Amino acid sequence: MTIFFKSAIAVLATRGLQAVIVAIIVGIVSFAMMHALPGDAAYRIAAGRYGYDMMDAAAAEAVRLELGLDSPWFVQLWNWLGQLAQFDLGNSLVYGTPVVDEIATQLGYSLLLAAGAVVTSLMIALPVGIATALNPNGLLDRVTMGLSVFLRAVPAFALGIVLVFIFAVKLKWFPVAGFRGFENLVLPSFTLGIGLAAVSNRVVRDAVVDAMNSDWQMFARTKGLSMRLTLMRHVLRNASLPVVTYVGVQLAYLIEGVVIVETVFAWPGIGHALVHAIFGRDIAMVQGTALTLGLLYVALNLCVDLACRGIDPRERA
Amino acid sequence: MLKPLSAAVSIALAVSAGLAAAETKSSVTIASPWEVASYDPAVAGYAIQKLQIMENLVDADVTGSLRPGLATQWSVSDNGLVWEFALREGVRFHDGSVFDATAAVFALTRAWEQPGVLKKAPISEIAALNGKVIITLETPFAALPAFLAHATTIIPATAAFDAEGKPSALIGTGPFAVSAFTPPQSISLVRNEAYWGETAKLESATYLAAGRAETRALLAESGDADIVFTLDAAGYSHLQHVDTIETSAVPIPRVVALKVNAGHPFFNDPKARQALSLAIPRDGIARAITRFPEAAANQLFPPALSGWYSAEIEPLTTNIEAAKALLADLGWVAGDDGILTRDGERFAITLRTFPDRPELPLIATALQDQWREIGIDLEVSVANYSEIPAGHQDGSLHVALYARNYGLTPDPIGSVLQDFGQGGGDWGAMGWENQKVADALRIIASTSDLDQREAGIATVADVLQQELPVIPVVWYQHTVSVDKNLQGVVIDPLQRSYGLSDMYWTK
């Protein structure tokens, strides 16, 4: 145990340092990218604020004056870094509300949806992957392969609409969109989870097949362990390493990359917010969101590292 | 044998009792595409006003006629420069604080300092005097009360602003108070029991912003949303066959229009703009893209804009041969590739538009195809809508396709003045000025004499139809689906209110 804790503290220290570096780099890079975009930021922000019925050149000039967009870029960046050092992400340039409030709400919903999707995908991928691996290249394996390719190829947006049509409109089991309660989480989770499971069941299958073909598996069987015990004690533990790492990657993808699903289900997630912030040239919001996502990746990597160390004693050395 | 029978009877009785006891619904869910993420009336006023959370000093009915809101009456001095608004007494905000002239002046002054309609009015001072709101003008402006009905001039409570004066809560005087706000997707409302007027029949309501038209159509069909606004053509025609809901399309004073840079050498002759207009397949666009054939815009002001639309004006038509002849008159000759040239210059231009209204890029490509027939090489640029005012300001714009709402205020003079007054406007004329129109607009803005106004409007409409600084394409219909059991729903063509306080359920 002490070895595990020592190694865990080393990991924490490395990742902590990484977090600080990521925060600074993400802040500077997102700032630079927003400045590199073509078009006048004052016009874009005014457009985001007032809508096309009210936005005009006078509104854009008012925004430029209010936000000090005329000041040199290094002054704007320095101000942001100064605020960041005080743990202040500033206010949304478009909506005027504190960035941290917006992120807190939207990140919560994004994490909820990501967790729902991963749980759904694991519920599908684990049993399917293990079952297919026990008889590689059998009928079940081939059918699952074909189905996986098909489901991975269907865009999440189309899958979402089909699921809504069947389970919300026709069967009325779940609501179409919104976020009033747990029932609202089911369809978006399945939409994302099915797409994820389409790949992860193959990862599980390959990991289990590799483990089943290993020498140590043969040894376990030869020393007299039953198939069930070999599977439970040795194969699954060894096979879970690539699966845990892969789920980590999927979570990262889920938190930032589900804009379309969030939009289809009117789900107030952070991906949706980031895209809107980029369109509206809401630099404070883009920096805040990118920073949060960057730190979240560091945290996710940390969790995956710790989990792998928990599973595999060799990693602790 | 008796046992199961008696059990069945008791279940049946229980079910029927349950049915009788089932209460009529008392809540409504509204779905619309517009996300709300701000507390600021200048930014989110349009939604706060529609949901009846905050109110204006002046209200308007669905025909655009003004009626008392938080002000009971108003009058103007003889010289037309000082307006006095007497305020309703006994009105309280949702937090229990009293609505008075101080709150009104604070809100209006803020609205005046922000970009918005009040900034466009010739105001020199907003003050409170003897419990009244006094607004002093630099020049007479008859449409001031109509401006005070606009969404950016709603009155929040003083407590709705933080210590720095930034809006930080949604507290108003309206028949509904906010119980939960999850930006940008949803607002939950409860009935304001202490409302100064008739309290709402519904106990609560939810506003859900669903960005995708497919989602909104599915929300309507499943019954998850009771009223759904802005359906796309496919969703609208599908929902017409769903038994539980009723669909309607209400003409609104919004028009898809083409802004033409009349200062550009290609377009500085009205004949060139007339040629562009003659080559717009309005009927085809209205039938195939926006799917309301009667909405082909044969003049700029839509029929929903009573007083400005004219049945007598000669309608704009489509005639490719006539368009070609006009361009030939101007010295354009078709080159080898069919594109016109003049003095060695090709008739190649760029049209700017934006995707926020999904029909605009479609209409733009229809124009691209059609104008090629008259020899114009049109490049379509789909970008952020701020590129249109930006292109107006730096002079780089050729033509732009956009949707303009002339019903922002019950009296459209503000928008029309801005678009076609001296110097033109970001969303109106460019490089075009007409003294007759400028004079007529000045008269319309300053007088309340109906005959003078009518004559002025006729002049403006007539010149715009001849000179075409802005070319109309199609008018808009506001598409809505409503649950058949929901009664008292009135669709406001001016889109100022969802009319929640008048709705009730029959089941």
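Contact here means heavy atoms within 4.5 Å. This is a predicted model, where local features need pLDDT of at least 70, side-chain atom pairs count only at pLDDT 80 or more, and totals for chains, interfaces and linings use all residues. Residues are numbered from 1 along each chain as its sequence is written, chains are lettered from A in the order in which they are written, and side-chain values use heavy atoms, with hydrogens and water left out.

**View 1. Helix 7 of chain A meets helix 8 of chain A.** Helices (H or I, at least four residues) and strands (E, at least two) are DSSP runs, numbered from the N terminus. On the helix 7 side you'll find Ala156(A), Leu159(A), Gly160(A), Leu163(A), Val164(A), Phe167(A) and Ala168(A), and they touch Leu187(A), Phe190(A), Thr191(A) and Ile194(A) of helix 8. Sorted by class, that makes nine nonpolar, two polar and no charged residues (Ala, Val, Leu, Ile, Met, Phe, Trp, Tyr, Cys and Pro count as nonpolar, Asp, Glu, Lys and Arg as charged, and the others, Gly among them, as polar). The two axes come within 9 Å and cross at roughly 135° (axes are lines fitted to C-alpha atoms, for helices over the stretch in contact, and angles run from 0 to 180 degrees between N-to-C directions).

**View 2. Helix 12 of chain A crosses helix 13 of chain A.** Helix 12 (residues 270-279) and helix 13 (residues 283-311) have axes that come within 9 Å and cross at roughly 145°. Ile270(A), Ala273(A), Leu274(A), Ala277(A) and Ile278(A) sit against Met285(A), Val286(A), Thr289(A) and Leu293(A).

**View 3. Chain A meets chain B.** Here 47 residues of chain A touch 50 residues of chain B. Together the chains bury about 3,800 Å², 60% of it on carbon and sulfur atoms (buried area is the accessible area, with a 1.4 Å probe, that two parts lose on being put together, summed over both). Tyr52(A), Asp53(A) and Met54(A) supply 20% of the area that chain A buries against chain B, more than any other three residues. There are three salt bridges between the chains (a side-chain nitrogen of Lys or Arg within 4 Å of a carboxyl oxygen of Asp or Glu). One of them pairs Asp56(A) with Lys120(B), at 2.6 Å from N to O.

**View 4. Two loops of chain B hold Pro184(B) and Asn130(B).** Most residues other than glycine have a negative phi, and most peptide bonds are trans. Pro183(B) and Pro184(B), though, are joined by a cis peptide bond, with omega about 0°. Asn130(B), between strand 6 (123-129) and strand 7 (132-137), has a positive phi, near 50°.
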